[in-house]
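Here is a note for a colleague who is meeting this structure for the first time. The points go from the whole chain to its parts.

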Amino acid sequence: MRSLQDYIPIVGEAVINQLWQLAGNLEGLKVIHVNSTKAGGGVAEILSWMIPFMRELKIDASWEVITGNDPFFGVTKMFHNALQGNQVNLMQSHVEAYESTNRSNAERLRPVLEAADIVFIHDPQPAMLLELCSNRRGKWIWRCHIDASQPYRPVWKYLRPRVERYDASIFSMSEFSRTLPHPQFLIAPSIDPLSEKNIDLPEKEIKETYRRFHLDPRRPILTQVSRFDRFKDPLGVIYGYRLIKKSVPVQLVLAGGGADDDPEGAEVLRDVKLAAKDDPDIHILLLPPDAHRTINAIQRLSTIIIQKSTREGFGLTVTEGLWKGKPVIGGSVGGIGLQVINHHTGFLVNSPEGLAQRVRYLLNHQTKIRSMGGKGREFVRENFLLTRHLREYLTLMVGLRRGFSSRLAAAE
């Protein structure tokens, strides 16, 4: 098991000392995070390291996962899509499925949630729990990981009364924040550089990954790692790849998996396979949620990382690619723009044609690939590692304990 001391060679001793200093104000504090899945997706990844490190800092931290059936997760996926701007048909049966599942989870979780000093509720799925815990004694924070910059109004009109009662909310970017009657904080997500997904790998293991997935090491490899989700635009990536292949013999890897709270993944995967047809240079890899080391190796053997999303809360796969010294070509949306600094750590694009143009440019300028990769790794070291993320959560909790009521910008 890793300790915070293990990160000193990466971030420096002063950074770790600062975490201990902040946590000295929080010893014994009972903190609970609640989300909707234990595996799959960025929220589960973040909580898997955040809880142990909060405990190491002597905070009484724990993680609860709500349970639900297919109708519930169908509704919450609809909420997710609507917050990111899609028009959906919200019906009374959807509302009943959402509310009945939150009520049943409240029956199970109420004693621990009402006794907590601070409760972090992640995303819309468990957002109703607050109003179902009337004897709560602590502070409750709604953490929205979604690009909520242009929500579909009928759904936001339903969700807003659920979240405006919280004591505070957290968004990844200022553009995502909404008009709410409580303090709002900006905290960007992060990666763990010593996790199985990001730690340095032996060259032998990377070479074995070429063989395992029948990839040709002599030709450029373009990779997008993400859930099979329409907002990740995998079909647009395939279209862009076909434009590139007219002049450059590239290979495309689309690697991803599902999550318990994402019922649309199978349908999107089916569409992706149809679009790929029988092209032997398109490698569609459906990986289990714990295939972290495999994803690590695939990203490291890739020439360029792609994340051509049309909406994106943050995009941890962008961070992962930059940390591995790869230029990233990403959709010019949401949190990708926090990480891909156009012409420095990669390129931002708005179409498959733009993707194809930027890939061809980089493949014709190999020194640019190396220089962008180096800048990207240092950019992540300075801004998007877990130590910064943990420091901002600790700062927020200290602020809540001391009773501030004004806005605090905890991240750029």
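**Notes on the predicted model**

1. Overall make-up. The chain has 15 helices and 12 strands, and the model that shows them is a predicted one. The radius of gyration is 21 Å, close to the 22 Å that the globule rule gives for 412 residues, so the chain is as compact as a globular protein of that length. Taken along the principal axes, the box filled by the C-alpha atoms of the chain is roughly 65 × 55 × 35 Å.

2. Burial and contacts. Of the 412 residues, 59% count as buried. Where the contacts in the chain with a separation of 6 or more are considered, 73% of them are accounted for by residues 24 or more positions apart.

3. The open sheet. Six strands form an open sheet in the order β2-β1-β3-β4-β5-β6, and their pairing is parallel. Its edge strands are β2 and β6 (184–186), each of which pairs on one side only. On average, and with direction ignored, neighbouring strands of this sheet are turned by 20° against each other.

4. Strand β1 and its neighbours. Five of the six residues of β1 (residues 30–35) are buried, so this strand is largely enclosed by the rest of the structure. On one side, six bridges join β1 to the parallel strand β2 (residues 60–65), with lysine 30 standing opposite aspartate 60 of β2. β1 also pairs in the parallel sense with β3 (residues 118–122), over four bridges, and there the bridge partner of valine 31 is isoleucine 118.

5. From β3 to β4. The parallel strands β3 and β4 (residues 139–143) are joined by five bridges, and histidine 122 stands opposite arginine 143 in β4.

6. Helices on the sheet. Helix α3 packs on the sheet, where it touches β1, β2 and β3, and its direction makes about 155° with that of β2. Helix α15 (residues 386–402) packs on the sheet as well, touching β1, β3, β4, β5 (168–171) and β6, and its direction makes about 130° with that of β3. The helix α3 (residues 42–56) also belongs, together with β1 and β2, to a right-handed β-α-β unit.

7. The largest nonpolar core. This core has 56 residues, of which Ile59, Phe120, Leu390, Leu394 and Met397 touch the most other members. At least two of its residues are supplied by each of α1 (8–11), α2 (13–23), α3, β2, β3, β5, α11 (316–323) and α15, and the largest share, nine residues, comes from α3. Methionine 397 touches Leu26, Leu29, Val31, Met54, Ile59, Ile118 and Phe120, if residues up to four places away in sequence are not counted. Apart from this core lies another, of 42 residues, including Ile66, Phe73, Ala127 and Cys144.

8. Helix α10. A reader may ask: how many of the 10 residues of helix α10 (residues 292–301) are buried? Eight of them are, and the helix is mostly covered. The buried residues of α10 are Thr294, Ile295, Asn296, Ala297, Ile298, Gln299, Arg300 and Leu301. They pack against the helices α7 (203–212) and α11, and against the strands β7 (221–225), β8 (251–256), β9 (282–286) and β10 (304–307).

Definitions and conventions
Residues numbered from 1 in each chain as written. Predicted model: local features only at pLDDT ≥ 70, side-chain atom pairs only at ≥ 80, totals over all residues. Heavy atoms only, no water. Buried < 20%, exposed > 50% of the residue type's maximum accessible area, 1.4 Å probe, protein only. Pairing = 2+ DSSP bridges. Right-handed = clockwise from strand over helix to strand, strands pointing away. Axes fitted to C-alpha atoms, helices over the stretch in contact; angles between N-to-C directions. Contact = heavy atoms within 4.5 Å. Core = buried A, V, L, I, M, F, W, Y, C linked by side-chain atoms within 4.5 Å. Rg over C-alpha atoms; globule rule 2.2 N^0.38 Å.
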